[in-house]
Amino acid sequence: MKSKEILFCEEILKEHGYRLTPGRITLLAFLKKTKKPINAGDIQKKLEYKMDKVTLYRALEDFVTSKIIEKINLQDTVSYYEFHHVDHHHHHIVCEKCGKIEDIESCNRNNLQKETLKQSRSFTVINSHSLEFFGICKICNK
């Protein structure tokens, strides 16, 4: 019998028109249970189902395009990925020394977008935004 998590991932893949391959199902389930943004190299190391790099990157980019996952720029040379939680909008704070990533839950999204549009001369609509903070964690600051 399939777990609720696997059934959930299969449903998401079906809704977006993807074939239900073991690689896609395993990748999506892994990203759903991973609590912090993760890069493709670490995904490949930790994923139980072994995927070659090309297949992994193709699946990740497809999922980003479909808005199933989010691609996050953490001022690094690699991209990070995180499951897109529709009802859980958040940002991140990243330690510039050790790379620790912490979720930041507060975001006054509506006011931020209104103020941004007021300042813009060329835009009338904001569809989404990304906001990351960078600093030094308590342990590295000692």
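1. Lys 118 and Glu 115 pair through their side chains in a salt bridge, at 3.3 Å from N to O. The term means a side-chain nitrogen of Lys or Arg within 4 Å of a carboxyl oxygen of Asp or Glu. The model is predicted: local features need pLDDT of at least 70, side-chain atom pairs count only at pLDDT 80 or more, and totals for chains, interfaces and linings use all residues. Residues are numbered from 1 along each chain as its sequence is written, and side-chain values use heavy atoms, with hydrogens and water left out.

2. Lys 118 and Glu 115 are three residues apart in helix H5 (residues 109–119), so about one helical turn separates them. Helices (H or I, at least four residues) and strands (E, at least two) are DSSP runs, numbered from the N terminus. Lys 118 is exposed, at 64% relative accessibility. Glu 115 is partly exposed, at 39%. The classes are buried under 20% relative accessible area, exposed over 50%, and partly exposed in between (1.4 Å probe, protein chains only).

3. The structure has four salt bridges. Another one of them joins Lys 45 to Asp 42, with the closest N and O atoms 3.9 Å apart. Both residues sit in helix H3 (residues 40–46), three residues apart, which puts about one helical turn between them. Lys 45 is exposed, with 66% relative accessible area. Asp 42 is partly exposed, at 27%.

4. Glu 61 and Lys 71 form a salt bridge at 3.1 Å, N to O. Glu 61 belongs to helix H4 (residues 53–65) and Lys 71 to strand E2 (residues 69–72), so this pair ties together parts that are 10 residues apart in sequence. Glu 61 has a relative accessible area of 30% and is partly exposed. Lys 71 is partly exposed too, at 42%.

5. Now the second largest pocket. Its space comes to about 200 Å³. On a 1 Å grid over the protein atoms alone, a pocket is an open set of points where a 1.4 Å probe fits, with protein on both sides within 12 Å along at least five of seven lines. Grid points are joined across faces, edges and corners, and the volume is the space filled by probe spheres set on the points.

6. Lining residues have an atom within 4 Å of a point. Among them here are Ile 93, Val 94, Cys 95, Lys 100, Glu 102 and Gly 135. Strand E4 (residues 91–95) gives the largest share of this lining, three residues. By class, the lining has six nonpolar, one polar and three charged residues. Nonpolar covers Ala, Val, Leu, Ile, Met, Phe, Trp, Tyr, Cys and Pro; charged covers Asp, Glu, Lys and Arg; the others, Gly among them, are polar.
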